[in-house]
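Here are my notes on this model, point by point. Please read them with the structure open.

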Amino acid sequence: MKFFFYADNLNLSQLKRRAPEHKFLFTAYLPDHSIQFCRWSTQWRCGLASVIPSPGEKVWGAVFEITDEDLKILDDFEKYRPVIMPSG
């Protein structure tokens, strides 16, 4: 499946742990959204990036092909379902 990564999930060493079978496809942006730091990480002692609707803004990232197993690992790390791109 195609998956849009942004923020800290673009860190290559982290990406290898969280989606070991990933394959980079292309850079992309999520239109009409912006990055906000809506949650606090007690582990990292900093804000955690999230995307929220924001007309006219965009969030840059990259699209990767990932496996179902990668998605399970990501869910264990992230505890939420990030943006999944439709195939096509």
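1. A residue counts as buried when its relative accessible area is under 20%. Serine 54 has 17% relative accessibility, so serine 54 counts as buried. This serine lies in strand β3. Setting aside neighbours within four places in sequence, serine 54 is in contact with Asp32, His33 and Ser34. Keep in mind throughout that the model is predicted.

2. Now the overall layout. The protein has two helices and four strands. Along the sequence they run β-α-β-β-α-β. The protein has 88 residues, and 31% of them count as buried. Its accessible surface is about 5,900 Å², with 57% of that belonging to carbon and sulfur atoms. Among contacts with a separation of 6 or more, 68% join residues 24 or more positions apart.

3. Which residues make up the largest nonpolar core? There are nine: Phe3, Phe5, Leu15, Ala19, Ala62, Phe64, Ile66, Leu71 and Leu74. Strands β1 (2–5) and β3, with helix α2 (68–78), each give two or more residues to this core. A second, separate core has seven residues, including Tyr6, Ala28, Leu30 and Ala49. In soluble globular proteins, nonpolar side chains tend to be buried together.

4. Leaving aside neighbours within four places in sequence, alanine 19 is in contact with Phe5, Ile66 and Asp70. Asp70 is itself one of the buried residues of α2.

5. Next, the rings. The structure holds five aromatic pairs. In one of them, phenylalanine 24 and phenylalanine 64 have ring centres 5.6 Å apart and planes at 75 degrees, so this pair is edge-to-face. The two residues are 40 residues apart in the chain, with phenylalanine 24 in strand β2 (residues 23–41) and phenylalanine 64 in strand β3 (residues 46–65). Phenylalanine 64 is buried, with a relative accessible area of 6%. Ring pairs also link Phe3, Phe5, Phe24 and Phe64 into a cluster.

6. The charged end of lysine 58 is placed over the ring of tyrosine 29, 4.4 Å from the ring centre.

7. Helix α2 has a buried side. Asp70, Leu71, Leu74 and Glu78 are buried there. These four cover an arc of only 100 degrees around the axis, which puts them on the same side of α2. An α-helix has 3.6 residues a turn, so residues three or four places apart point the same way. The face turned away from the buried side carries the exposed residues Asp68, Lys72 and Asp76.

8. Check two backbone angles. Which residues other than glycine have a positive phi here? Alanine 7 is one of them, with phi near 55 degrees. Alanine 7 is found in the loop between β1 and α1 (12–18). At 31% relative accessibility, alanine 7 counts as partly exposed. Aspartate 32 is another, with a positive phi of about 60 degrees. Aspartate 32 has its place in strand β2. At 41% relative accessibility, aspartate 32 also counts as partly exposed. This aspartate is among the contacts of serine 54 noted in the opening point.

Technical notes: Residues numbered from 1 in each chain as written. Predicted model: local features only at pLDDT ≥ 70, side-chain atom pairs only at ≥ 80, totals over all residues. Heavy atoms only, no water. Buried < 20%, exposed > 50% of the residue type's maximum accessible area, 1.4 Å probe, protein only. Contact = heavy atoms within 4.5 Å. Areas by Shrake-Rupley, 256 points an atom, 1.4 Å probe, with all protein chains shown as cover. Phe/Tyr/Trp six-rings, centres within 6.5 Å; stacked < 30°, edge-to-face > 60°. Lys NZ or Arg CZ within 6 Å of the ring centre and 35° of its normal. Core = buried A, V, L, I, M, F, W, Y, C linked by side-chain atoms within 4.5 Å. Arc of directions from axis to C-beta.
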